[in-house]
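This report concerns the strand and helix arrangement of one protein model. The sequence and structure are shown first.

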Amino acid sequence: MSSDAEAVGATGTTGETVLSVSDLDVSYGKVQALRGVDLEITQGEIVSVIGPNGAGKSTLANTVSGFKEFDGSVEFMGRSVADRMPEDLVEEGLIHCTESRDLFGFMNVDDNLELGAYRRGDVAERKAFVYDLFPRLEERKGQHANTMSGGEQQMLAIGRALMGDPDFLVLDEPTLGLAPVILEDISEGIDAIQESGVTIMLCEQNVTFALKHADHIHLLENGEFVREGPPEELRDDDYIRESYLGG
Ligand code: ATP
C-alpha cells in the first residue's frame with residue numbers, strides 16, 4: 001500500500017486510482033468476450049461487476065489479474081498490467097480469488113492458508129486475522145479442504161487470498177451456490193475486509209448481494225457494460241428490477 005494510503009489509516013480512502021480500464025477488448029479466438037469496457041476503481045471502494053452467465057465477468061477478472069491478453073488499456077496503480085506477470089501483480093498487492101477457488105484439496109485448512117502467505121513474513125498475524133474473520137475455519141483448521149462444504153471452501157479461498165495481504169482483491173463469484181446462512185458469513189467477511197482498507201472488485205451474478213455491498217456497480221451483458229451507477233440508483237432502475245430482481 002502506498003504511503004498516502006497508510007497516512008489516512010485503515011478505514012480511510014485516499015481517492016487514489018487503483019484500477020483503470022479503458023476501451024478494453026478481449027477475445028478467445030474469434031469469440032469476443034469483452035467489448036469497449038471502461039472501469040475505474042479508487043482506493044477503499046468495492047466496485048461490483050454484475051451480469052448473467054457468460055457475460056464476461058471472469059474474463060474481466062482474469063484480464064485485470066494479468067492472465068489474459070487484451071487490446072485497450074488496463075492499469076493497476078498507474079502502470080499497465082500488460083508489462084507485468086500475474087505473480088508480479090501479486091507482489092504488488094493485487095490478489096485474485098478465482099471462481100473455481102483452486103484450493104489444495106488434500107491439504108488441510110491451515111496449510112492452504114500458509115500457502116497464500118508466501119509474499120508475507122508475518123504468517124501468524126495474517127492467519128489470526130483470517131481466523132478472526134471466519135471462526136469456522138479455525139474450528140476446522142486440521143480438516144482437508146476437499147471434505148469441507150461449499151461455503152467453508154469459499155471462506156478458505158477468500159482467507160487464502162487474504163494471507164497474501166492484498167491491497168486490491170478481485171473476488172470472482174464468492175456467493176456462487178452458497179446457502180443463505182453461509183452467505184451471511186461471507187457478507188460480514190467482505191464488510192470487514194473493506195473496513196481493513198482493502199479495495200475490492202466483486203464479480204457477481206447475485207445482484208441483491210452486490211447491491212448490498214458495492215459502492216458502485218456496472219452491469220455487464222454480452223461483453224459490454226449496459227448500465228452503471230451507485231446501488232441506490234440501480235436498485236430503482238426498471239430494467240435491473242425486471243431482469244435481475246424479479247420485478
Ligand atoms: P460465468 O458467471 O458463467 O462464469 P462470466 O460472466 O464469468 O460467466 P466468462 O466466463 O468470462 O463469463 O465468459 C465470457 C464469454 O467468453 C462466454 O461466451 C464464454 O463462453 C467465453 N469464454 C470464456 N472462457 C473461454 C475460453 N477459455 N475459450 C473460449 N471461450 C471462452
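## Basis of the description

The model is predicted, with local features requiring pLDDT of at least 70 and side-chain atom pairs pLDDT 80 or more, whereas totals for chains, interfaces and linings use all residues. Residues are numbered from 1 along each chain as its sequence is written, and side-chain values use heavy atoms, without hydrogens and water.

Helices (H or I, at least four residues) and strands (E, at least two) are DSSP runs numbered from the N terminus. Two strands are taken to pair if DSSP finds at least two bridges between them.

## The four-stranded sheet

Four strands form an open sheet in the order E2-E1-E4-E5, and their pairing is antiparallel. Strands E2 (31-42) and E5 (79-80) are at the edges with a single partner strand each, so one side of each has no neighbour in the sheet.

Within this sheet, E1 (residues 17-28) and E4 (residues 71-76) are antiparallel and joined by five bridges. Ser22 lies opposite Ser73 in E4. Helix H2 (residues 57-64) packs on the sheet and touches E1, E2 and E4, its direction making about 120° with that of E1. Contact here means heavy atoms within 4.5 Å. Axes are lines fitted to C-alpha atoms, for helices over the stretch in contact, with angles from 0 to 180 degrees between N-to-C directions.

## The six-stranded sheet

A second open sheet has six strands in the order E6-E7-E8-E3-E9-E10, with mixed pairing. Its edges are E6 (94-97) and E10 (224-229); each has a single partner strand, so one side of each is left without a neighbour in the sheet. On average, neighbouring strands are turned by 15° against each other, direction ignored.

Four bridges pair E6 with E7 (residues 168-172) in the parallel sense. Among the residues involved, Ile95 has Leu169 in E7 as its bridge partner.

## Helix H7 and its surroundings

Helix H7 (residues 150-163) has 14 residues and spans 20 Å from first to last C-alpha, close to the expected 20 Å, a value given by 1.5 Å times one less than the number of residues. Of its 14 residues, 13 are buried, that is, under 20% relative accessible area with a 1.4 Å probe, protein chains only. H7 lies across E6 and E7, at about 170° to E6.

The axes of H7 and H8 (residues 180-195) come within 10 Å and cross at roughly 15°. Residues of H7 including Met155 and Leu162 belong to the set that meets Ile182, Asp185, Ile186 and Ile193 in H8. After H7 comes Asp165, with a positive phi near 55°.

Conventions. Buried < 20%, exposed > 50% of the residue type's maximum accessible area, 1.4 Å probe, protein only.
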